[in-house]
Amino acid sequence: MNRPEDIDLLEKAAAATTNAHAPYSGFQVGAAVETDDGTVFVGCNVENASYGLTMCAERTAIFSAVAEGHRSFARIAVVASGDTLPYPCGACRQVLSEFCDDDMKVLVAAADNLEDYKTVTLGDLLPHAFRLEKP
Ligand code: THU
């Protein structure tokens, strides 16, 4: 069932797709991560002529939040241009697992059809995540 607060976060992620630097793939992705205190940070994918240096939207958003002193997250929304559902890549799943519990909600949607978003948990996406005790 659609929740208004989910749509709100998805709309912020959709807005961030417009800042994507994706001249090589043409695949524009936006992410919006909500911290436990309700602050929202956005990110977009940032590609590079040296392809391997590309940064995904999810990591851009998480790293931006961490850089501003936030380390506890409630939800992340990920939206891609067109009709593809942008489930986070393996690298992003591992980065999310550094800061988020398995029950963290991950919302994914295609920009053309935000209302048809899917909700999964980080644990669904990355079972048996590798984590170390934080000192
Ligand atoms: N990408 C993301 O930003 N997030 C994802 O979840 C999947 C892929 C980006 C990386 C690259 O710029 C483009 O999408 C195609 O892989």
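Predicted model: local features only at pLDDT ≥ 70, side-chain atom pairs only at ≥ 80, totals over all residues.

Visitor: Which residues are closest to the ligand?
Guide: A residue counts as near if one of its heavy atoms lies within 4 Å of the molecule. In all, 13 residues surround the ligand. The closest are Asn45, Glu47, Cys56, Ala57 and Glu58.

Visitor: How far is a polar side-chain atom of Glu47 from an oxygen atom of the ligand?
Guide: A polar contact here is a pair of N or O atoms within 3.5 Å. Asn45 has a polar side-chain atom 2.9 Å from a ligand oxygen, and Ala57 has a polar backbone atom 2.9 Å from a ligand oxygen. For the side chain of Glu47, the distance is 2.5 Å.

Visitor: How much of the ligand does the protein bury?
Guide: Accessible areas come from the Shrake-Rupley method with a 1.4 Å probe. Taken alone, the ligand exposes 370 Å². Of that, the protein buries 78%.

Visitor: Are the planes of Tyr24 and Tyr51 stacked, tilted or edge-to-face?
Guide: Rings of Phe, Tyr and Trp (its six-membered ring) pair if their centres lie within 6.5 Å; planes under 30 degrees apart are stacked, over 60 edge-to-face, and the rest tilted. A search of the whole structure finds two aromatic pairs. In this one the centres are 5.5 Å apart and the planes sit at 45°, so the pair is tilted.

Visitor: Is Tyr51 buried or exposed?
Guide: Buried means under 20% relative accessible area, exposed over 50%, and partly exposed in between (1.4 Å probe, protein chains only). Tyr51 has 59% relative accessibility, so Tyr51 counts as exposed.

Visitor: What about Phe73 and Phe99: what is the angle between the planes?
Guide: Phe73 is in strand E3 and Phe99 in helix H3, 26 residues apart; helices (H or I, at least four residues) and strands (E, at least two) are DSSP runs, numbered from the N terminus. Phe73 is buried at 8%, whereas Phe99 is partly exposed at 23%. Their centres are 6.4 Å apart in an edge-to-face pair, with the planes at 90°.

Note on methods
Residues numbered from 1 in each chain as written. Heavy atoms only, no water. Polar contact = N/O pair within 3.5 Å; in protein donor to acceptor, adjacent residues only side chain to side chain.
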